[in-house]
Amino acid sequence: LGSNAYSWNSQNGPYYTVFDIDVPDTLPNIAAFPAGGNFVGSGEYYNGLVYMTDVANNMYEVDPVTGNILNQYAVTAPPGAETYSGMAIDPTTGIVYASSTDIATSSLFTIDPPTGVATLIGPITGSPGNIAISFDGNGDLYGYDILTDSMFAINKATGAGTDVGPLPFDANFGQGMGYDPATDTVYLAAFNNGTFLAELY
């Protein structure tokens, strides 16, 4: 239906890309996005701009069309050795949430993208390697884990995780999730360790 996904591509770049979810194998190079050599682990489209965080706790405010970095500033650091792995906007409230992980523990936050201020809600229980989060159209929060290879329902008020079932692939490395309101569908921009390919679910 022509819905776009805004993303950072670490392969052959790194670079900023905007791709049509109906044609996920075509990832146009919109602009170089080196992020100082740091891996970009989360992002979200919010109020007409794209916001992305890297593993050094930098927030990038990005023009969604050109990929130009409009602003760069520090984001509240997650606990311990965790780095941000997911960001998602609740379509029922407009509140943005973020997840982080160190592949031993995971945490949930609310976050204000324009300032980088994140407020810890609590641990995502049962999910040591939460790699991405997304809301659905009802305002329910989900995430998935690259250690347990399971999908989780996450209580957005407490961070409590409930395992809702296994993934149909071996998840590894950086991943992403996103909700498309045009089709009321949640998508996974996944990396399948079994096939060693990036895949869209």
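**Exercise 1.** In the predicted model, determine how β4 and strand β5 (residues 49-54) pair, and over how many bridges.

*Solution.* 
Step 1. β4 and β5 pair in the antiparallel sense, and six bridges are found between the two strands.
Step 2. One of these bridges can be named by its residues: Y46 has L49, in β5, as its bridge partner.
Step 3. As background, the strands of a sheet pair through backbone hydrogen bonds, either parallel or antiparallel.

**Exercise 2.** State the strand order of the open sheet of four strands, and explain why one side of β4 and of β7 is left without a neighbour in the sheet.

*Solution.* 
Step 1. The order is β4-β5-β6-β7, and the pairing is antiparallel.
Step 2. β4 (40-46) and β7 (69-74) stand at the edges; each has a single partner strand, so one side of each lacks a neighbour in the sheet.
Step 3. From one strand to the next, the twist averages 20 degrees.

**Exercise 3.** Decide whether N192 is buried or exposed, and describe the surroundings of N192.

*Solution.* 
Step 1. Locate the residue: N192 belongs to strand β17 (residues 185-192).
Step 2. Apply the cut-off: buried means under 20% relative accessible area. The relative accessibility of N192 is 9%, so N192 counts as buried.
Step 3. List the contacts: leaving aside residues up to four places away in sequence, N192 touches F169, D170, L197, E199 and Y201.
Step 4. Examine the polar atoms. The side chains of N192 and E199 are joined by a polar contact of 3.1 Å.

Key: Residues are numbered from 1 along each chain as its sequence is written. This is a predicted model: local features need pLDDT of at least 70, side-chain atom pairs count only at pLDDT 80 or more; totals for chains, interfaces and linings use all residues. Side-chain values use heavy atoms; hydrogens and water are left out. Buried means under 20% relative accessible area, exposed over 50%, partly exposed in between (1.4 Å probe, protein chains only). A polar contact is a pair of N or O atoms within 3.5 Å; within protein, one must be able to donate a hydrogen and the other to accept it, and residues adjacent in sequence count only if both atoms are side-chain atoms. Contact means heavy atoms within 4.5 Å. Two strands pair if DSSP finds at least two bridges between them. Axes are lines fitted to C-alpha atoms, for helices over the stretch in contact, and angles run from 0 to 180 degrees between N-to-C directions.
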